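Welcome! Take a look at the model first.

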Amino acid sequence: MSTMNFFQRLSVPAKPDLGLLFLRLAGAFMLLYVHGLPKLMHYSTELAHIDDPMHLGRSLTLWLALLAEIACPLLIAAGILTRLACLPIIFLLLVSMLAVHPDWSIAEGQFGWLLLIIFGSIALAGPGRYSLSKGKTA
């Protein structure tokens, strides 16, 4: 492909639905792989060390974290109840960044803030055309 052909392809109309699909899949994978699955696989260790900033008890706090870090990303990746599924993740991230780790610098908390940006964007934009949900997507 020539350089001119490459730049012509960049000027074609944007594909926001593909962008939303990529954002959903990439964000869901990162949250699930980095946080959700390790918590599930090492449940008893996580239970002994999890912070409980809302004073709900460690067990309930861990179960709520698992909901937000496993069930919600799977729903988001599939495009099912996407906006609703973003809310527990956003809440979890805000509690984590503001209550559990308020002393972290932007650099130390950058993964959490980036996840907040990703799921906040999905919550605002909706799943896009490429989702399993029926009905209006935006």
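Buried means under 20% relative accessible area, exposed over 50%, and partly exposed in between (1.4 Å probe, protein chains only). This is a predicted model, in which local features need pLDDT of at least 70, side-chain atom pairs count only at pLDDT 80 or more, and totals for chains, interfaces and linings use all residues. Residues are numbered from 1 along each chain as its sequence is written, and side-chain values use heavy atoms, with hydrogens and water left out.

**Exercise 1.** Find what percentage of the protein chain is buried.

Solution. Start from the 138 residues of the protein chain. Buried residues make up 30% of them.

**Exercise 2.** List the elements of the protein chain in order.

Solution. Helices (H or I, at least four residues) and strands (E, at least two) are DSSP runs, numbered from the N terminus. The protein chain has 6 helices and 0 strands. Reading from the N terminus gives α-α-α-α-α-α.

**Exercise 3.** Check the span of helix H5 (residues 82-100).

Solution. The expected span is 1.5 Å times one less than the number of residues. With 19 residues, H5 should therefore span 27 Å. The end C-alpha atoms of H5 are 26 Å apart, which agrees.

**Exercise 4.** Work out which elements the buried residues of H5 pack against.

Solution. First pick out the buried residues of H5: Thr82, Ala85, Cys86, Ile89, Ile90, Leu93, Val95 and Met97. Next, look for contacts, meaning heavy atoms within 4.5 Å. The partners are helix H2 (16-41), H4 and helix H6 (110-125).
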